[in-house]
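Dear colleague,

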Amino acid sequence: MYLQKLVALSVFIGAVSLLSGCRKIDASSAPKAVQVCPGEDNQFSMAFFQTNNRGEKFAKGINHVIIFNPRSVALDFKVNLGLSHQLYTKDARGKIRREYIPKQFNELISDKNSTLNGQRPIAAINADYIDPENKPQGLNISRGVEYSGDFKNKRSSFGISGGKPQERKATIQAGRRDINILNYNLVGGNGRFYRQGKFKDICQDLGEFACKQATNRSMAAITNKGYVILLVNDIKANSNIEVNATNQELTPDKFDDVLEGIARQNCLGKIQEGILFDGGMSPGLYYNKKIYIENPGPIGSVFLIYKNSN
């Protein structure tokens with residue numbers, strides 16, 4: 001009798017051990033969450049990070065980067081400019097008012113004209129150059145209403161089309177687009193260094209000062225998968241920056257290194273188009289309630305990104 005009980009107890013203990021072992025195996029073999037690369041994530045909308053000049057994420061990187069998907073239903077867009085009145089208002093004759101005053105980056109992302117459907121922007125970058133009379137120089141269109149300068153047909157501009165979110169398209173080209181829905185949110189710039197996937201070192205085009213001395217940069221690029229990269233490189237950023245051989249202010253021959261690195265690291269595709277915004281005393285970048293970069297000069301326009309409230 002005793003022997004039978006001992007055998008039964010041994011069988012019970014063995015069964016419990018086996019079950020416990022199975023549970024341990026099951027737990028250890030449970031699939032772990034895999035982080036999806038942004039460009040391969042159907043739900044990706046926008047991200048902010050810093051990189052070195054190879055486009056590699058680096059907590060002390062000099063390149064402050066925003067990547068986003070224009071087709072995301074979670075995002076919306078607008079352009080703001082230095083105006084003495086409310087955007088889109090008309091005069092007594094029914095014409096759009098365009099009375100410009102100098103405004104700095106922090107004003108253009110926080111004044112009454114910077115809101116969309118009552119919401120403050122979640123992200124912003126400086127854009128167009130400004131003339132001596134505080135007027136933007138290039139092609140600027142905010143929600144379909146144009147606020148442009150003398151170079152609107154000569155210089156390239158960056159923008160996001162109107163339409164349903166899933167149909168939105170990012171473009172960089174000179175002058176108004178042939179399809180009107182593309183002329184919805186545009187900001188002027190100058191210095192086109194990618195055209196149809198081909199990179200060009202525009203140092204000679206920029207001139208000696210802008211090429212080698214005023215080397216803080218503000219730019220936008222579009223990939224062949226339709227994603228957008230916004231980048232500001234400025235040693236004066238409100239960040240902890242570690243300057244070294246691969247983490248310093250950019251000269252035009254290095255624009256492709258950083259942008260192609262960012263695109264590759266984040267599965268965004270190949271860079272197709274690239275454009276500079278106003279550099280020198282103008283670069284500015286804002287993300288999630290923090291101004292990372294701001295310079296003292298007035299700005300022709302800013303490109304604003306919002307969380308869609310609809």
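Which pattern do the disulfides of the protein chain follow? With bonded cysteines counted along the chain, the pattern is 1-4, 2-3. This is a predicted model, in which local features need pLDDT of at least 70 and side-chain atom pairs count only at pLDDT 80 or more, while totals for chains, interfaces and linings use all residues. Residues are numbered from 1 along each chain as its sequence is written, and side-chain values use heavy atoms, leaving out hydrogens and water.

Two disulfides (pairs of cysteine sulfur atoms within 2.5 Å) are counted. In one, the sulfur atoms of Cys-37 and Cys-267 are 2.1 Å apart. Cys-37 lies in the loop between helix H1 (2-28) and strand S1 (46-51), and Cys-267 in the loop between helix H5 (255-265) and strand S14 (271-276), so the pair ties together parts that are 230 residues apart in sequence. Helices (H or I, at least four residues) and strands (E, at least two) are DSSP runs, numbered from the N terminus. The S-S torsion of Cys-37 and Cys-267 is about 100°, so this disulfide is right-handed.

Cys-37 is buried at 17% relative accessible area, whereas Cys-267 is partly exposed at 21%; buried means under 20%, exposed over 50%, and partly exposed in between (1.4 Å probe, protein chains only).

The other disulfide joins Cys-203 to Cys-211, S to S 1.8 Å. Its torsion is about -90°, so the bond between Cys-203 and Cys-211 is left-handed. Cys-211 is buried, at 2%.

Over residues 15-28, pLDDT stays under 50. Where pLDDT is low, the predicted coordinates should not be read in detail.

Yours sincerely

Key. pLDDT = per-residue confidence, 0-100. Contact = heavy atoms within 4.5 Å.
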